[in-house]
Structure formats: C-alpha cells, structure tokens
Amino acid sequence: MMGDRDLERGGNTKSRNGTYPPPTQPATSSAYYMENSESQWTSWLVPMIVVANVAMFVVIMFVNNCPNNINNFGRGRQCVARFLGRLSFQPLQDNPLFGPSSSTLQKLGALEWDKVVHEHQGWRLFTCIWLHAGVVHLLANMLSLVFIGIRLEQQFGFVRVGIIYLLSGIGGSVLSCLFIQQSISVGASGALFGLLGAMLSELLTNWTIYTNKAAALFTLIIIIAINLAVGLLPHVDNYAHIGGFMSGFLLGFILLLRPQFGWLERQHLPAEARLKSKFKVYQYVLLLIASILLIVGFTVGLVMLFRGVKANEHCSWCRYLSCLRTSRWRCDNN
C-alpha cells in the first residue's frame, strides 16, 4: 500500500504515459482503403472526453491545494507556478510532471490494489482512467486521443468508439492491478492503447477493402511497437497499456466491421449480381473468436483480481513487460 508518499518518489506511482500520437495519414488517406458511400460521423465524443479530462485535472489541482501544505514540504521546497494560487503544482522533487501529490490522486480514485481487493473499491478500475499525474501526462494523452480518436469516431460513430474507449480503459486497469500492488496508477493510456488496438483489428477484419495493405499494416505495427517500448521505462504502467491494447484489439473485431465491397451499392445492381451476405465469412469467424476471448479474459481477470491473486507470483518473467532493467535504471516496484 502506498500510504501518502509523494508522487514519483521512490517509484511509488505509475503514470500511464508515453502514448505518442500516430500520424493521421495512414488512417485517413484513400491510399489505404477504398472509399465507399458510407457517410462520416461528426466527432463530438472525443472532444468531450478531452474537455472532461482537462476539467477533472483542474478539480484535482483544486483539491490538492499545494499552498495549504507548504509547511509539510521541508526546507527549500516550494510549490511550482505559485501565481496559480490554489492550483499551483507540487514541488518538482515530489512530482516532475507538474501535478498533484500522490495522496490527492489516491483520495480521488487512483488505482490501488489494496483498496480494490481488500476494501472492495472496484470503482477505481473506472475512475483512474480520468485522473492524470501532471500537465505533461495530461497533454501527452490528450494529444494522442485527438489524433487517434477523432478519425475512428468519424468513421464508426461515437457509440462504438465510446464503448472501445471505456472497456479498454477498464481492461488496462484490471491487468495493471493484477501485476502492480506496491504503487498507485492513473491515466487514460490504457483506453488510448485500446483505440490503437482497435485500429489494428479494424485493418485486419476489413482487409479486403484496403489498398496498400502492407504499408498500412507496417505503419500501425511500428506505431504500436514504439508506444509499447516506451512503456518499458521506469514509472510507466505498461501493464495498463498491454491490457488496454488487447481489449481494444478484440473489440475492434466485434464493433468495427465494414461491409464487404459492393454491399452498399447492391440496390443499384441486378438481382443476380447482388451480394448475399453483408460481411465475409472470415469476418464472422473473427467476431466469434474475439467475443469469446473478450468475455473469458474479462471474467478470469476480474475473478483473479477480487480473489486477491498477485499475478507476478505466478509469472516471474512478466515483470519485464512493464520495465526493462538496465545499468541506467532500476525497476524496484515491478
């Protein structure tokens, strides 16, 4: 249990940071998929999520009230950006990301294994998605969300993108909580990795309507690999990234199917030339497999979590998925 030690001191806090926005060209250019008569949606959910996260961060800083705790900092340590008054940041020794103390994040719903398992506060699996460890953390995640999310919402609508975002965030929280017991975790990166995973499965399940398939697939894989590699650095919760990515990857096969080429124009074709099925057989197969894996994965993960299972005790090598030990840094809390 973390107690009230300050953010990033001794590696006690995991920020789900390091999600770099992919370039929009591979996802939106007609060089990557063949345009059809599908109309685009107006993106409003993703901007609203950005506004909600920014507003939540302001609330966090208001509750944190750094000047009120200045006597507890010790000699020579003061709030950063004191002109902001109550909204000023913790000393950089406590939080180099320009944000609140870890005790404030803990109070407002940060993910913490002990509270989820022993105090039955399962709601933290959801609330931690809306908290950020600092301005740097918030900006990185919101820029990534704009680059990734708006394109998906324009193509598939707010309902499907919203479901992927929330379920991926929760999936990331579950995996994070199973592996991390000694620190708290906050951030929307699990949800963002879910959108990346959904982009990949969307490409695979709609493979036949894409042109330049190899280029699109290679671009996405490189983007995903870079982001996962960033998660190997200390103090970054790569378990949330992986859990969110896998959740989004499976959800993409379920929610982001496109009709096979020619389906939308069938009413203009002779009866003998019309397609009999909206989707191809392999799309239905992938949908069925993904549905089973998603249900089983969430069920097993939640059961293990609320039974207090510590996954690291059953998988000794899994700690390397979140932090790669080198001569330059340690991974004491993985």
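**Figure 1. Overall fold of the protein chain.** The model is predicted. The protein chain holds eleven helices and two strands. Along the sequence they follow the pattern β-α-α-α-α-α-α-α-β-α-α-α-α. Of the 334 residues in the chain, 51% are buried. Among contacts with a separation of 6 or more, 78% join residues 24 or more positions apart. The accessible surface of the chain comes to about 15400 Å². Carbon and sulfur atoms account for 65% of that surface.

**Figure 2. The largest nonpolar core.** This core has 61 residues. Leu145, Leu152, Tyr165, Leu195 and Leu305 have the most contacts inside it. At least two residues each come from α2 (45-64), α4 (113-118), α6 (135-156), α7 (158-179), α8 (189-205), α9 (213-230), α10 and α11. The helix that gives the most is α8, with nine residues.

Figure 3. Leaving aside residues up to four places away in sequence, Leu145 touches Val46, Ile49, Val50, Ile150, Tyr165, Leu192 and Leu195. A second core is separate and has eight residues. Its members include Ile60, Leu105, Ile184 and Val186.

**Figure 4. Helix α2 and its buried face.** α2 has 20 residues. From first C-alpha to last, α2 reaches 28 Å, close to the 28 Å expected at 1.5 Å a residue. Its buried residues are Leu45, Val46, Ile49, Val50, Asn53, Phe57, Ile60, Met61 and Asn64. Down the helix axis these buried residues fall within an arc of 155°, so they line one face of α2. An α-helix has 3.6 residues a turn, so residues three or four places apart point the same way. The buried residues of α2 pack against α3 (102-108), α6 and α7. Just after α2, Asn65 takes a positive phi of about 50°.

Figure 5. α10 spans residues 238-255. It has 18 residues and reaches 25 Å from its first C-alpha to its last. That is close to the 26 Å expected at 1.5 Å a residue. α10 is mostly covered, with 15 of its 18 residues buried. At the start of α10, a side-chain oxygen of Asp237 comes to within 3.3 Å of the backbone nitrogen of Tyr239.

Figure 6. Arg258 sits in the loop between α10 and α11 (281-306). The relative accessible area of Arg258 is 2%, so this residue counts as buried, the cut-off being under 20%. The side chains of Arg258 and Gln155 are joined by a polar contact of 3.1 Å.

**Figure 7. Two loop residues with positive phi.** Ala81 lies in the loop between α2 and α3. This residue is not a glycine, yet Ala81 has a positive phi of about 55°. His120 lies in the loop between α4 and α5 (124-127). His120 is not a glycine either, and has a positive phi of about 55°. His120 counts as exposed because its relative accessibility is 65%, the cut-off being over 50%.

Methods:
Residues are numbered from 1 along each chain as its sequence is written. This is a predicted model: local features need pLDDT of at least 70, side-chain atom pairs count only at pLDDT 80 or more; totals for chains, interfaces and linings use all residues. Side-chain values use heavy atoms; hydrogens and water are left out. Helices (H or I, at least four residues) and strands (E, at least two) are DSSP runs, numbered from the N terminus. Buried means under 20% relative accessible area, exposed over 50%, partly exposed in between (1.4 Å probe, protein chains only). A polar contact is a pair of N or O atoms within 3.5 Å; within protein, one must be able to donate a hydrogen and the other to accept it, and residues adjacent in sequence count only if both atoms are side-chain atoms. A nonpolar core is a set of buried Ala, Val, Leu, Ile, Met, Phe, Trp, Tyr and Cys residues joined through side-chain atoms within 4.5 Å. Contact means heavy atoms within 4.5 Å. The expected span of a helix is 1.5 Å times one less than its number of residues. The arc is that of the directions from the helix axis to the C-beta atoms. Accessible areas come from the Shrake-Rupley method with a 1.4 Å probe; for residues, only the protein chains shown count as cover.
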